[in-house]
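Subject: Structure handover

Hi,

Here is the structure I promised to pass on to you. Have a look at it first, and my notes follow below.

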Amino acid sequence: MAHSAGQLHIGLLGCGTIGSGVFHLIRKNAAGLADAAGREMVLARILVKELEEPRPFPVDRTRMTTDQSEVLDDEEIDIYIELMGGIDPALSYALKVLGRGKPLVTANKELIARHGRELMEAAAAGGTVIRFEAAVGGGIPLIRPMEESLGGDNVEKIMGIVNGTTNYVLTRMSAEGITYEKALSEAQKLGYAEADPTADVSAGDAASKMAILCSIAFKAGFTADQVYREGIQKVSPDDIENARELGYAVKLLAIAERDGGGVSARVHPTMVPLDHPLASITGNFNAIFVMGESVGDLMFYGQGAGSLPTATAILGDVVDISRNPGKQAAARRSYWSKPGEVKPIEDVETRFYTVLRVVDRPGVLAKIAGVFGDNSVSLESVVQKGIGDSAQIVLITHKVVERNFQSALKGLKELEVVLEIPSVIRVESGRE
Ligand code: HSE
């Protein structure tokens, strides 16, 4: 496609839900985008796996090809957008265009969370840039505010809901008292959850996003496999009810903070106080709470997924690259080459909610308290509920090192009066 000076030619790699949203917005908001970018945006070439596939918005077939070289080697293309997802072939295509000195915008969190270092180094070597605002929090402006607006501050802690599917499931469980399985199947029927929801419910998706946020916030290269994770599969309606009685909501939280010399990074079901802003985030929304040493507390909220919200974030990156070419050369993110150091989960301090099913007879509570005491675990609240021949003890600890708490759990399991430990959920209260 012939290129005029006032145009920005874009090569799109992958065109499904998000890609067709990008095509749609470039058409629909052409004048505004041209004003913002300083050039008319032209979606010149589109690489697809299948010419015909269901897409939420119609896409011009004449721009499509299934031949990667027609897009990757096109000299007229100024900037690439990668929306293929996964690692192969997205990584090799990304390295190729960066190596040719072309800027790259991607929504691929897995790619950045696993190969961030390689990609940042390839961008620097090619004298160009890679941007990925859409990889975390969909349409929420987050990466650029953290990199630029907070450039003069030190981030101390990030705490967020970065997965909409699991937040939707937990919201339904909380509102309707239904099981995890029922809420998930409802989410799938409504199209909020993937047919294979494993990456979402097991916290893998959130761990990738957390690794990216850690890299930006703590200025080193963190990878997804460094982020401790637990999914939401074991959260029960009883846990949600108990949490409510104790003044908490159950959320899948991604939490990272400066901790001594290192950083702790984890994603797990978490009880947050009902009056904490994150407790009120319902449905498939995302919200990320960032605590800066100087700026104080900030919260970013919005649609963390979906065609048009994610396409908006992608086009924001394209606008930024187009209007600030000098900045791109400076923003090399060389810190990504320094491996991020994560504190092992065993050394992290937090509070725990636990449910014990025990024999209901005199002296049981004393035995349980003894095990906690022997392991230096201090209890904040203990509630006993009788259920037939056995009793249920619901307790919350004070802050304790994970290793000590796990050792107490081991001791409790060895007690003949403890029949079952059905639930363990970490508890957060925000800035602690
Ligand atoms: N599957 C993700 C979610 C969206 O449910 O939030 C894409 O990152």
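Let me start with a histidine: apart from its neighbours within four places in sequence, His 115 is in contact with Ile 87, Leu 91 and Glu 110. His 115 sits in helix 5, which covers residues 109-125, and counts as buried because its relative accessibility is 18%, under the 20% cut-off. Please keep in mind throughout that this is a predicted model.

The peptide bond from Asp 88 to Pro 89 is cis, with omega near 10°. Pro 89 lies in the loop between strand 4 (79-82) and helix 4 (90-99).

For Ser 376, phi is near 60°. Ser 376 is in the loop that runs between helix 14 (364-374) and strand 14 (379-387), and is exposed at 56% relative accessible area. As background, most residues other than glycine have a negative phi, and most peptide bonds are trans.

On to the aromatics. There are five aromatic pairs by the rule used. In one of them, the ring centres of Tyr 335 and Trp 336 are 6.0 Å apart and the planes meet at 20°, so this pair is stacked. Both partners are buried: Tyr 335 has a relative accessible area of 18%, and Trp 336 has 2%. Ring pairs also bring Phe 132 into a cluster with Tyr 335 and Trp 336.

Finally, the chain as a whole. It has 15 helices and 17 strands. Its radius of gyration is 24 Å, close to the 22 Å given by the globule rule for 432 residues, so the chain is as compact as a globular protein of that length. Along the principal axes, the C-alpha atoms fill a box of roughly 85 × 45 × 35 Å. Of the 432 residues, 54% are buried. Among contacts between residues at least 6 apart in sequence, 73% join residues at least 24 apart.

Best wishes

Note on methods:
Residues are numbered from 1 along each chain as its sequence is written. This is a predicted model: local features need pLDDT of at least 70, side-chain atom pairs count only at pLDDT 80 or more; totals for chains, interfaces and linings use all residues. Side-chain values use heavy atoms; hydrogens and water are left out. Helices (H or I, at least four residues) and strands (E, at least two) are DSSP runs, numbered from the N terminus. The radius of gyration is taken over C-alpha atoms; the globule rule is 2.2 Å times the number of residues to the power 0.38. Buried means under 20% relative accessible area, exposed over 50%, partly exposed in between (1.4 Å probe, protein chains only). Contact means heavy atoms within 4.5 Å. Rings of Phe, Tyr and Trp (its six-membered ring) pair if their centres lie within 6.5 Å; planes under 30 degrees apart count as stacked, over 60 as edge-to-face and the rest as tilted.
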